[in-house]
Amino acid sequence: MGALKNLSSSIRVFLESKCGPVDIVFVVDSSESIGAANFALSKDFIVTVIDRLMKDQHVRFGANESRVGVVQYSGENAQEVVRLGDQNINTLTELKQAVKDFRWLAEATYTGEALQYSLTNLISRIKAENSVVLVLTDGRSDITRDSVPLNVLCNKGIRVGGLGVIDYTGRVPNQEQIEGMVCQNDLRKPGFSFVLNNYAELLDDTFLQNLTAQICQDKKAPNYKCPIVFKADTDIILMMDSSASVGGNNFEVTRTFVKRLADRFLASDSPSGVNVRVAVGQYSRQAAVEGEFTSSYSEVAGKIDSFAFQNAATDVTGALDFAIQEFKRKSTGNQKRKLLIFSDGRSQGVTESLIEKKVREVQDARVEMYVLAVGSLVNEVNLRFLASRGRAYDVIYAQRHLLRAADYPSLLRGVFYQTVSRKVSLD
């Protein structure tokens with residue numbers, strides 16, 4: 001009994017203090033290509049991340065606790081730094097105001113020089129055991145004129161997160177630059193990256209949850225899993241995108257991720273008598289259920305491991321129609337019905353009206369649908385229709401039902417699978 005009490009106490013401590021002391025440095029691109037409106041969103045993002053770390057991860061900022069600083073940069077010798085603890089910046093309120101007072105520099109983009117400046121003038125002063133540097137940029141540094149390499153922070157015991165955002169002209173971040181900057185080959189502290197379609201997505205709730213989880217990945221508290229709970233009998237279909245655009249390697253990553261989700265759902269801490277079943281399917285030109293509804297994880301895991309990648313064209317509306325029929329055939333009681341479909345919103349021959357019609361049919365079949373979009377090559381309009389019951393204006397509903405990952409490796413990083421499973425489990 002005493003051991004159970006101690007375990008319960010340890011879990012409670014973990015849930016109350018999710019993140020150990022962490023020093024955070026924001027390095028923010030203020031170059032001309034960002035644009036004034038996007039730079040304003042960058043500043044809102046910094047303030048929001050600080051607030052979310054305090055709220056979601058229970059981070060405490062202060063001189064003897066977690067510390068935070070911000071560098072904005074543009075061209076040669078164009079950097080500005082503020083830090084909690086500087087003269088006239090003794091509180092978080094004063095730091096946030098200093099960030100809001102940043103003026104858009106609107107010069108060239110010298111990211112390497114900015115990282116070196118940050119290391120010399122900020123990171124080396126506040127560096128703790130758990131230090132994270134978040135670099136927010138459009139990923140287009142002028143490496144011909146900026147002689148400082150982008151990997152200047154690698155192998156220094158620092159986790160670097162690269163947030164690459166498509167700029168206002170629609171140019172995609174340079175993936176090679178982002179990968180070099182985040183030190184993915186650093187054996188001690190490999191970094192992470194997200195690619196976003198626009199600066200407004202920096203304030204998306206799901207993205208912020210994923211980001212704060214990444215920041216706190218090295219938390220010192222024991223890594224207990226927070227349980228999920230289903231309050232009523234629930235049938236869940238996990239529908240994997242098996243189309244050619246996904247690719248075989250990414251499909252294998254999805255396979256592992258789906259097994260983690262199935263394990264979480266079937267091991268949920270639900271009340272006695274509540275039955276949760278999981279079925280697994282895949283779709284490309286055609287859809288198929290590869291594992292029927294079951295409450296046995298070993299059974300569903302075996303099915304997930306056994307089916308082959310289809311590698312064909314994409315028919316997302318066909319997949320929805322197939323899922324509806326599967327629920328009608330196999331989920332015949334009063335169970336809650338939930339569908340998690342992997343989709344980038346792109347599909348051969350699809351129209352907005354067709355998606356809207358099919359999503360309404362999903363709703364009429366008592367199916368609550370969640371959409372998981374991976375990567376930046378997505379059809380944003382179609383995704384919003386898919387995740388908002390076919391109603392483009394239903395923004396609040398869409399925010400809870402549209403889940404995003406920056407790339408396929410991100411599916412397996414940190415606690416993202418816990419975030420997804422928790423959202424699906426909610427009533």
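Helix α2 (residues 36-56) and helix α6 (residues 205-215) have axes that come within 10 Å of each other and cross at roughly 65 degrees, where axes are lines fitted to C-alpha atoms, for helices over the stretch in contact, and angles run from 0 to 180 degrees between N-to-C directions. Helices (H or I, at least four residues) and strands (E, at least two) are DSSP runs numbered from the N terminus. This is a predicted model, in which local features need pLDDT of at least 70 and side-chain atom pairs count only at pLDDT 80 or more, while totals for chains, interfaces and linings use all residues. Residues are numbered from 1 along each chain as its sequence is written, and side-chain values use heavy atoms, with hydrogens and water left out.

The crossing of α2 and α6 is right-handed; a crossing is called left-handed if the near helix is turned anticlockwise from the far one by less than a right angle, and right-handed if clockwise. On the α2 side, Phe45, Thr48, Val49, Arg52 and Leu53 meet residues of α6 that include Phe207, Leu208, Leu211 and Ile215, contact meaning heavy atoms within 4.5 Å. This contact has seven nonpolar, three polar and two charged residues (Ala, Val, Leu, Ile, Met, Phe, Trp, Tyr, Cys and Pro count as nonpolar, Asp, Glu, Lys and Arg as charged, and the others, Gly among them, as polar).

| Helix pair | Axis distance | Crossing angle |
|---|---|---|
| α9 (residues 316-330) and α10 (residues 352-364) | within 10 Å | roughly 15 degrees |
| α7 (residues 248-266) and α13 (residues 416-425) | 10 Å | about 50 degrees |

The angle makes α9 roughly parallel to α10, since angles under 35 degrees count as roughly parallel, over 145 as roughly antiparallel, 65 to 115 as roughly perpendicular and the rest as oblique. α9 passes α10 in a left-handed crossing, with Thr317, Leu320, Asp321 and Ile324 of α9 meeting residues of α10, among them Leu354, Ile355 and Lys358. Six nonpolar, one polar and three charged residues form this contact.

By its angle, α7 is oblique to α13, and the crossing of α7 and α13 is right-handed. Here Phe257, Arg260, Leu261, Arg264 and Phe265 in α7 meet residues of α13 including Phe416, Tyr417 and Val420, and the contact divides into seven nonpolar, two polar and two charged residues.

Taken as a whole, the protein chain has 13 helices and twelve strands. Its C-alpha atoms fill a box of roughly 65 × 60 × 40 Å along the principal axes.

The mean pLDDT of the chain is 86, and 91% of its residues reach 70 or more, pLDDT being the predictor's confidence in each residue, from 0 to 100. Over residues 1-17, however, the pLDDT is below 50, and this stretch has 15 contacts in the model beyond near neighbours in sequence.
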